[in-house]
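Please take a look at the sequence and the fold below. We will walk through the model together, one region at a time.

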Amino acid sequence: SPRALSPGEQITYDLAVTNNTGNIVNNVVIQAQLPPSIENLAYPAGATCPGPTCNSQELVTWVVGTMGPGQTTNVSMAPILSASAAVGTLVLNRAEVTADGGFYDHETAVVLID
């Protein structure tokens, strides 16, 4: 079941990407689409956003580059739930990983506003 948080609370998203291919993987990129009910996200370490801050519904991007077999890369971000977020709303945050050779994977985190 989803974590329950209140409007104005901070959500911490920790993302871990592991290269389980047995080969070197190049041009690894992690992207997370910010949900509409967040605010106040400073640039996460190593990430880029379209503007001077990372805003609701924008894409946060980490360019990882090359990962060796078995290597894990960890990234995180900690936005604030909007004070006006409606109680009972599910906040979905989808993260995607791409790399050369058509590699793609994704995961979705869910938070319930209570």
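Where does Ala83 lie? Ala83 is found in the loop between β8 (80–81) and β9, where strands (E, at least two residues) and helices (H or I, at least four residues) are DSSP runs numbered from the N terminus. With a relative accessibility of 61%, Ala83 counts as exposed; on this scale buried means under 20% relative accessible area, exposed means over 50%, and partly exposed lies in between, with a 1.4 Å probe and protein chains only. Leaving aside residues up to four places away in sequence, Ala83 touches Pro7, Gly8 and Glu39, a contact being heavy atoms within 4.5 Å. Ala83 and Asn20 are 63 residues apart in sequence, and their C-alpha atoms are 40 Å apart in space.

A word on what you are viewing: this is a predicted model, in which local features need pLDDT of at least 70 and side-chain atom pairs count only at pLDDT 80 or more, while totals for chains, interfaces and linings use all residues. Residues are numbered from 1 along each chain as its sequence is written, and side-chain values use heavy atoms, with hydrogens and water left out.

Now for the whole chain. The protein chain has 0 helices and 10 strands. Its C-alpha trace spans about 45 × 35 × 20 Å along the principal axes. Of its 114 residues, 38% count as buried. The accessible surface comes to about 6,200 Å², and 52% of that belongs to carbon and sulfur atoms; these areas come from the Shrake-Rupley method with a 1.4 Å probe, and for residues only the protein chains shown count as cover. Among contacts between residues at least 6 apart in sequence, 67% join residues at least 24 apart.

β3 and β9 pair in the antiparallel sense over 5 bridges, and Ile30 has Val97 in β9 as its bridge partner. β3 is also joined to β6, by 7 bridges in an antiparallel arrangement, with Val28 standing opposite Gly65 in β6. Then 2 bridges join the antiparallel strands β5 and β6; here Ala47 has Trp62 in β6 as its bridge partner.

Asn27, although not a glycine, has a positive phi of about 55°. Asn27 belongs to strand β3 (residues 25–33), and it is partly exposed because its relative accessible area is 47%. Gln57 is also not a glycine, yet has a positive phi of about 70°. Gln57 lies in the loop between β5 (47–48) and β6 (59–67).

Not counting residues up to four places away in sequence, Ile24 touches Asn19, Thr66, Met67, Gly68 and Pro69. Ile24 and Met67 are 43 residues apart in sequence, but their C-alpha atoms are 5.8 Å apart in space.

Finally, return to β9, which covers residues 90–99 and includes Leu90. Leu90, Leu92 and Val110 form a nonpolar surface patch with about 250 Å² of accessible area together. Patches are made of residues with over 30% relative accessible area and no salt bridge, joining like charges within 9 Å and nonpolar side chains (Val, Leu, Ile, Met, Phe, Trp, Tyr) within 5 Å. Leu90 counts as partly exposed because its relative accessibility is 48%. How many salt bridges are there? The count comes to 1, where a salt bridge is a side-chain nitrogen of Lys or Arg within 4 Å of a carboxyl oxygen of Asp or Glu. Glu96 forms this salt bridge with Arg94, and the closest N and O atoms are 3.0 Å apart. Glu96 is partly exposed, with a relative accessible area of 26%, and Arg94 is partly exposed at 34% relative accessibility.

Key:
Two strands pair if DSSP finds at least two bridges between them.
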